[in-house]
Amino acid sequence: MTSTETRADRFVRELTVLKIPDPAAGKAALWLRAGAALMTIGVVLGVSAYFISHNTSDPLVQNDALTLGLAAVAGSVVGSALFLRYSLTGFLRYWMARQSYDVELLADRLLERELRHDPTGTDAAPR
């Protein structure tokens, strides 16, 4: 590590070493939008299937509407899981970076305090 390397540069280098994907790649945003769209489409299809099944007396159409409604519920659940996973990923990535920064700052403070510590042992230890 060079002395001119900033903390952000060091963090980016460490992420590269750990092979953590770059969030700017756009795939996470694509999956987030896909999850939101699937959630919305599932709700719309579920409501329309409800009205289709209740506005007819033909059992074949009602069964088709029930099948469409179940598929819509399944799609909404999958969309919700995708949306939740990728929205939490962004938050937790920020949280992890913040925690890493705070721990490194604490380590720097403790190291600085240790360097200032009198090696003769005559200074009082802080409590």
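Gly-90 is partly exposed, with a relative accessible area of 39% (partly exposed lies between buried, under 20%, and exposed, over 50%, using a 1.4 Å probe and protein chains only). This residue is found in helix α3, one of three helices in a protein chain that has zero strands. The model is predicted: local features need pLDDT of at least 70 and side-chain atom pairs count only at pLDDT 80 or more, while totals for chains, interfaces and linings use all residues. Residues are numbered from 1 along each chain as its sequence is written, and side-chain values use heavy atoms, with hydrogens and water left out.

**Overall layout**

- The elements of the protein chain run α-α-α from the N terminus on (helices are DSSP runs of H or I with at least four residues, strands are runs of E with at least two, and both are numbered from the N terminus).
- The protein chain has 127 residues, and buried residues make up 9% of them.
- Among contacts with a separation of 6 or more, 70% join residues 24 or more positions apart (contact means heavy atoms within 4.5 Å).

**Confidence**

- The protein chain has a mean pLDDT of 83, and 84% of its residues reach 70 or more (pLDDT is the predictor's confidence in each residue, from 0 to 100).
- Helix α1, residues 7-18, has the lowest mean pLDDT among the elements, at 74, whereas α2 has the highest, at 93.

**Helix α2**

- Helix α2 covers residues 27-54, which is 28 residues, and its first and last C-alpha atoms are 40 Å apart, close to the 40 Å expected at 1.5 Å a residue (the expected span is 1.5 Å times one less than the number of residues).
- Its buried residues are Gly-35, Gly-42, Ala-49 and Ser-53, and what covers them includes α3, residues 59-116.
- Ser-53 has its place in this helix and counts as buried because its relative accessibility is 11%.
- Leaving out residues up to four places away in sequence, Ser-53 touches Gln-62 and Ala-65.

**Helix α3**

- Helix α3 has 58 residues and reaches 84 Å from its first C-alpha to its last, close to the expected 86 Å.
- The buried residues of α3 are Ala-65, Gly-69, Ala-72, Gly-75, Ser-76 and Gly-79, and they pack against α2.
- Ser-76 lies in α3 and, at 13% relative accessibility, counts as buried.
- Apart from neighbours within four places in sequence, Ser-76 is in contact with Leu-38, Met-39, Gly-42 and Val-43.
- Val-77 also lies in α3, but this residue is exposed, with a relative accessible area of 54%.

- The C-alpha atoms of Val-77 and Gly-42 are 8.4 Å apart, although 35 residues separate the two along the chain.
- Gly-90 and Ala-28 are 62 residues apart along the chain, and their C-alpha atoms are separated by 8.6 Å.

**Surface patch**

- Leu-84, Leu-88, Phe-91, Leu-92, Trp-95 and Met-96 make a nonpolar surface patch of about 620 Å² (patches are made of residues with over 30% relative accessible area and no salt bridge; like charges are joined within 9 Å, and nonpolar side chains, meaning Val, Leu, Ile, Met, Phe, Trp and Tyr, within 5 Å).
- Trp-95, a member of this patch, lies in helix α3 and counts as partly exposed because its relative accessibility is 47%.

**Salt bridge**

- One salt bridge is found in a search of the whole structure (a side-chain nitrogen of Lys or Arg within 4 Å of a carboxyl oxygen of Asp or Glu).
- Arg-98 forms a salt bridge with Asp-102, and their closest N and O atoms are 3.6 Å apart.
- Both Arg-98 and Asp-102 lie in helix α3, four residues apart, about one turn of the helix.
- Arg-98 is partly exposed, with a relative accessible area of 41%, and Asp-102 is partly exposed at 29%.

Terms used:
Areas by Shrake-Rupley, 256 points an atom, 1.4 Å probe, with all protein chains shown as cover.
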